[in-house]
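These are my notebook entries on a few points looked up in one structure.

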Amino acid sequence: MDDFELLIDLHRNGLRQGPGSDAATALALTIAGVDRTAPLAIADLGCGTGASALVLAELLNAQITAVDLFDAFLTVLAERAAERGVAEKISTLACSMDELPFAEASLDVIWSEGAIYNIGFENGVKNWRRFLKPGGLLVASEITWLTATRPADLQQHWEQEYPQIGPASAKMGQLEQHGYSPCGYFVLPTSCWLEDYYDPMQARFEGFLQRHSSSEAAQAIVSAEQHEIELYRTHQAHYGYGVYIARKTAE
Ligand code: SAH
């Protein structure tokens with residue numbers, strides 16, 4: 001099994017593959033003022049096993065295309081959608097978020113939690129814009145500096161992992177520059193990282209290592225996740241996930 005397959009195996013049993021919560025997804029809808037009865041065409045990009053897609057399906061009158069690079073996650077998502085009685089509202093699409101097949105101006109909402117970093121925030125918002133109808137809504141969560149200065153080791157870590165990490169002011173600027181009008185922002189509470197994401201992941205480590213006979217590669221993945229968790233526990237005052245809510249402006 002290569003590293004990708006191992007990572008998928010660690011994460012596919014999770015209810016989510018990044019920080020967030022059902023309440024945070026619902027809060028973003030409220031802040032954005034989304035009409036819960038209007039028929040909406042939505043794409044959830046980098047949907048994983050469906051953390052946000054399932055909530056959107058339950059709360060909205062929407063047709064949701066749930067997009068992820070990995071079929072293994074989409075299979076779990078489809079099972080969960082059937083269990084929760086929202087299968088008819090969700091279709092899955094295995095494809096990269098930088099090669100989307102949507103028609104221009106065809107979507108009311110683009111949603112992406114903990115995933116846009118895969119192609120970079122600025123690149124993502126720039127490229128996804130054309131798929132939105134005029135006035136269409138973008139909701140994306142993105143790793144964000146919460147303070148103006150920070151410890152050197154933390155800075156170093158993120159410069160290596162994701163050099164595009166920045167403060168909310170910079171991300172807002174990028175949205176404005178690429179044809180959006182920011183209309184809401186909030187920071188995910190620490191419970192979205194710890195209780196909703198890291199704690200359940202840590203609880204899966206033992207079974208994961210057993211399944212892979214504690215191979216070197218499996219141990220390396222667990223160590224890397226542990227390191228990330230420690231880093232967050234130590235430095236949570238300095239970074240978090242910002243949820244950016246913006247509307248596509250008229251040309
Ligand atoms: N939105 C989910 C998953 C976040 S993890 C949640 O909040 O739980 C990031 C997701 O992006 C993973 O499911 C990963 O498979 C997916 N991903 C990574 N690169 C991608 C790409 N290029 N295109 C589409 N999805 C991608």
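Entry 1, cysteines. I looked up Cys183 in this predicted model and found its closest cysteine sulfur in Cys192, 20 Å away. A disulfide requires the two sulfur atoms to lie within 2.5 Å, so the distance from Cys183 to Cys192 is too far for a bond. I noted Cys183 as partly exposed, at a relative accessible area of 38%.

I then turned to Cys95. For the sulfur of Cys95, the closest cysteine sulfur belongs to Cys47 and is 10 Å off, again too far for a bond. Cys95 has a relative accessibility of 15% and therefore counts as buried. For the structure as a whole, I recorded zero disulfides.

I examined helix α1 (residues 3-11) against helix α9 (residues 216-235): their axes come within 10 Å and cross at roughly 60 degrees. The crossing of α1 past α9 is right-handed. On the α1 side I listed Asp3, Leu6, Leu7, Leu10 and His11 as making the contact, and on the α9 side Ala217, Ala218, Ile221 and Glu225. Sorted by class, this contact of α1 with α9 comprises six nonpolar, one polar and two charged residues.

I located Ala26 in helix α2, which spans residues 22-32. Which residues does Ala26 touch, not counting those up to four places away in sequence? I found Arg36 and Leu59. I also noted that Ala26 and Leu56, 30 residues apart in sequence, are 7.9 Å apart in space from C-alpha to C-alpha.

Methods: Residues numbered from 1 in each chain as written. Predicted model: local features only at pLDDT ≥ 70, side-chain atom pairs only at ≥ 80, totals over all residues. Heavy atoms only, no water. Helix = DSSP H or I, 4+ residues; strand = E, 2+ residues; numbered from the N terminus. Contact = heavy atoms within 4.5 Å. Buried < 20%, exposed > 50% of the residue type's maximum accessible area, 1.4 Å probe, protein only. Axes fitted to C-alpha atoms, helices over the stretch in contact; angles between N-to-C directions. Left-handed = near helix turned anticlockwise from the far one by under 90°. Nonpolar A, V, L, I, M, F, W, Y, C, P; charged D, E, K, R; others polar.
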